[in-house]
Amino acid sequence: MSLFWRPFMLLLKKDLLLLKRRSASVVSVIFFSLLIIIIFQIGIDLGEMSPIPFAAPFIWLGSLFGGMLRMSRTFESETRGHVLEGYRLTKGIVLPLYLSKLVLNVFFMVLLQFLMFVVVVALFNIQSPLFYLKMAWLPFVLGAMGFSAVGTTFSGMVLGDSSKDLLLPVIAYPILSPLLIGVIKSFEYAASGDVLSLNPAWISLLIAFDLIYISVSILVFNILLESQ
Amino acid sequence: MKKISSKFFLIMPLVVALLLTIAFYMIFIFAPEESTQGAVQRIFYFHVSCAFAMYCGFGLAGIYSVLFLLKRQPHFDHYSHAGASVGFLFCSMVLASGPIWAKPIWGTWWTWDPRLTTTLLIWLIFFACLLLRRFFERDPRGPVYAAVLTLFGVLDIPLIALSVKLWRGVHPAVLGKKSNMPLEMKLTLLATNVTVLVLFFAIFWIRVRLLKLEHKSEMLRFEHQEN
Amino acid sequence: MSPDFPRLEAKKVTQSYGYRCILNELDLVLHGGEVTALMGSNGAGKTTLMKVLCGLIKPRSGEVALFQAESFSLFTQEGYLFDDLTVEENLNFYRQFFNVSEESLEEMKESFALENLWNMPIRHLSLGQKTRTALARTFLMPASFYFLDEPFGALDQVSHENLLKVIKHLRQEGRHILIATHLMERAQGLFNRILYLEKGKIRE
């Protein structure tokens with residue numbers, strides 16, 4: 001087990017340090033998501049409608065755009081020095097490497113979603129944010145996991161070539177479509193607009209998506225590394 | 001081997017042409033006119049058959065991309081590539097024939113009906129897949145990445161279908177009449193299905209052959225440059 | 001030749017990049033306790049051969065068999081270093097990654113005179129300084145085979161002699177060092193064997 005945990009923790013620690021070094025890029029991703037939400041908010045007029053049903057789509061939309069920027073930078077620090085190739089001389093590195101990147105991306109996505117949630121609460125004047133958060137965290141965390149699983153794997157395909165940055169959203173969004181729909185549709189609202197419950201069918205779809213793509217990613221990630 | 005394929009190359013178009021003639025005869029003359037929808041319903045035979053061919057293509061693409069990832073033989077990549085591109089072709093035909101049928105019946109070209117949405121999303125996935133191949137043309141990593149994306153895409157099909165079904169509730173009963181179709185209609189559907197499948201495999205086979213030849217010519221070009 | 005020393009046998013290794021054939025049914029045996037030079041013109045496939053031998057690239061056909069050996073360490077021009085981290089952070093990360101003691105890190109720091117660079121980010125280093133850091137990383141990793149791809153190019157006289165010292169020490173320990181280089185005259189008398197890679201085959 002230490003064969004997994006030791007490198008995993010080490011890689012995660014190193015990535016956190018690198019993220020700290022490059023905090024400017026993290027901040028710009030968050031800022032970008034914020035801009036998206038603000039621009040969309042200006043564009044709609046709620047009138048007499050309850051704002052709560054709009055909260056989830058806005059949080060999700062903002063973090064999707066920003067998240068994709070983050071995903072394409074997953075292996076940013078490893079590309080310049082061809083570090084990934086160097087890793088491969090160590091046996092059994094693929095699983096800790098992939099999972100450390102995945103965990104970091106999930107963590108980033110959840111953080112981003114939380115920040116977007118705070119912004120949305122302010123912009124839409126949501127009355128009981130804590131209650132909303134209690135209802136809403138599950139689909140968002142599941143969404144972050146599926147999104148990061150696909151994003152991390154695909155960023156392994158576009159790394160090292162800036163012209164291919166363009167390719168990442170084009171290949172990732174169609175694959176992600178059930179997840180993109182699923183997160184929003186998990187919410188069921190009462191007539192007043194309050195979140196009533198989560199739809200179990202949608203939640204299980206999200207779980208299925210996460211399980212399928214995390215496991216397939218682990219299986220193919222080695223192949224992606226080998227073909228660099 | 002070479003002889004067989006060149007003979008096949010001659011015979012195959014004739015067979016496809018013959019089958020198509022029969023199928024068109026059955027669609028337009030043999031099959032009775034549907035009572036509520038009228039003549040426009042006849043597009044249904046072609047539409048459904050194309051959908052079968054499309055799933056055939058994507059299924060083949062998925063199977064061969066897994067084989068390619070396991071064995072890394074170039075010909076598996078050719079099959080996977082051909083499956084994806086020919087499947088994409090038939091998917092486009094489904095998407096094109098759908099609105100032509102929908103406009104007079106539903107009164108609109110497009111609606112977010114589960115099957116339409118599913119097909120559109122699958123179309124987008126395989127479009128991305130073909131785009132990726134373009135991006136990585138002549139790059140040895142291209143086939144590997146394309147295989148991974150194809151695998152991800154094929155795994156996505158049931159998820160998309162399920163999610164779209166959940167999203168849209170019950171499918172409108174337009175296709176519900178299939179079960180109590182008259183025998184002539186069933187026969188026509190069967191004949192069209194067989195014809196389109198033969199057409200599919202003919203195009204698939206040509207595409208594979210073309211990809212193999214491209215691969216070979218590239219190899220020869222490099223050998224020539226070397227010497 | 002001690003029988004306990006590691007040994008590597010490559011049999012009929014064939015590899016091509018895209019459509020270009022680089023290695024053509026190549027046979028090669030490497031023994032521990034030796035230093036071997038690998039020569040060949042640009043694009044002859046020296047780097048590819050090294051990567052195939054240490055398993056980074058799967059050959060199209062043929063096999064590489066290892067005896068009494070465990071791991072490889074590879075030095076290439078890319079360096080395998082993180083641009084945004086300092087020399088210390090890089091080497092310390094790799095020390096923990098390879099699971100080796102702090103003493104060996106200190107040893108490397110001394111061998112390649114890295115004290116002055118210790119807190120500099122990699123992106124600010126000159127090519128020679130970067131090469132020294134990358135070499136320190138390479139030798140930090142405990143391995144039976146060390147493959148060095150063009151290590152001499154950017155090094156000054158002092159660093160060069162330090163490198164030779166490290167190599168000789170490793171040879172005594174029974175490890176094998178394979179060096180691809182154009183600069184034979186810079187390491188006269190170091191090599192036990194000299195190999196030429198030509199048209200995908202090895203010539204001695």
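The model is predicted.

Trainee: Which residue of chain C meets Arg22(A) in a salt bridge?

Mentor: Arg22(A) lies in the loop between α1 (2-21) and α2 (23-43) of chain A. The pair crosses between chains, to the loop between β5 (72-75) and α2 (87-98) of chain C. The contact is 2.5 Å, N to O, and the partner is Asp84(C).

Trainee: Is Asp84(C) buried or exposed?

Mentor: The cut-off for buried is under 20% relative accessible area. Asp84(C) has 8% relative accessibility, so Asp84(C) counts as buried.

Trainee: Which residue of chain C forms a salt bridge with Asp84(C)?

Mentor: The closest N and O atoms of this pair are 2.3 Å apart. The partner lies in the loop between α3 (102-111) and α4 (127-140) of chain C, so the pair ties together parts that are 39 residues apart in sequence.

Trainee: In what order do the three strands of the open sheet in chain C stand?

Mentor: The pairing is antiparallel. β2 (20-31) and β4 (61-67) of chain C each have a single partner strand, so they stand at the edges. The order is β2-β1-β4.

Trainee: How many bridges join β1(C) to β2(C)?

Mentor: β1 of chain C covers residues 7-17 and runs antiparallel to β2(C). Arg7(C) has His31(C) as its bridge partner in β2(C). The number of bridges joining the two strands is eight.

Trainee: Which helix of chain C packs on the sheet?

Mentor: The helix touches β1, β2 and β4 of chain C. Its direction makes about 60° with that of β2(C). The helix is α1 (residues 46-53) of chain C.

Trainee: Which residue makes a side-chain polar contact with Thr153(A)?

Mentor: Thr153(A) is in helix α7 (residues 129-158) of chain A. Thr153(A) is buried, at a relative accessible area of 0%. Among the residues Thr153(A) touches are Ser217(A), Val220(A) and, in chain B, Phe152(B). The polar contact, at 3.1 Å, is with the side chain of Tyr98(A).

Trainee: How much area do chain A and chain B bury between them?

Mentor: Contacts involve 33 residues of chain A and 27 residues of chain B. Carbon and sulfur atoms carry 80% of the buried area. The total is about 2,700 Å².

Trainee: How many salt bridges are counted between chain A and chain B?

Mentor: Over all chains, the whole structure has 21 salt bridges. Across the interface of chain A and chain B, two residue pairs are in polar contact. The salt-bridge count between chain A and chain B is zero.

Trainee: Which helix gives the most to the side of chain A that touches chain B?

Mentor: α7, α8 (167-185) and α9 (200-226) of chain A each supply at least two residues of that side. With 13 residues, the top contributor is α9(A).

Terms used: Residues numbered from 1 in each chain as written. Chains lettered and ligands numbered in written order. Predicted model: local features only at pLDDT ≥ 70, side-chain atom pairs only at ≥ 80, totals over all residues. Heavy atoms only, no water. Pairing = 2+ DSSP bridges. Helix = DSSP H or I, 4+ residues; strand = E, 2+ residues; numbered from the N terminus. Contact = heavy atoms within 4.5 Å. Axes fitted to C-alpha atoms, helices over the stretch in contact; angles between N-to-C directions. Buried < 20%, exposed > 50% of the residue type's maximum accessible area, 1.4 Å probe, protein only. Polar contact = N/O pair within 3.5 Å; in protein donor to acceptor, adjacent residues only side chain to side chain. Buried area = accessible area lost by both parts, 1.4 Å probe. Salt bridge = Lys/Arg side-chain N within 4 Å of Asp/Glu carboxyl O. Lists of a residue's contacts leave out its neighbours within four places in sequence.
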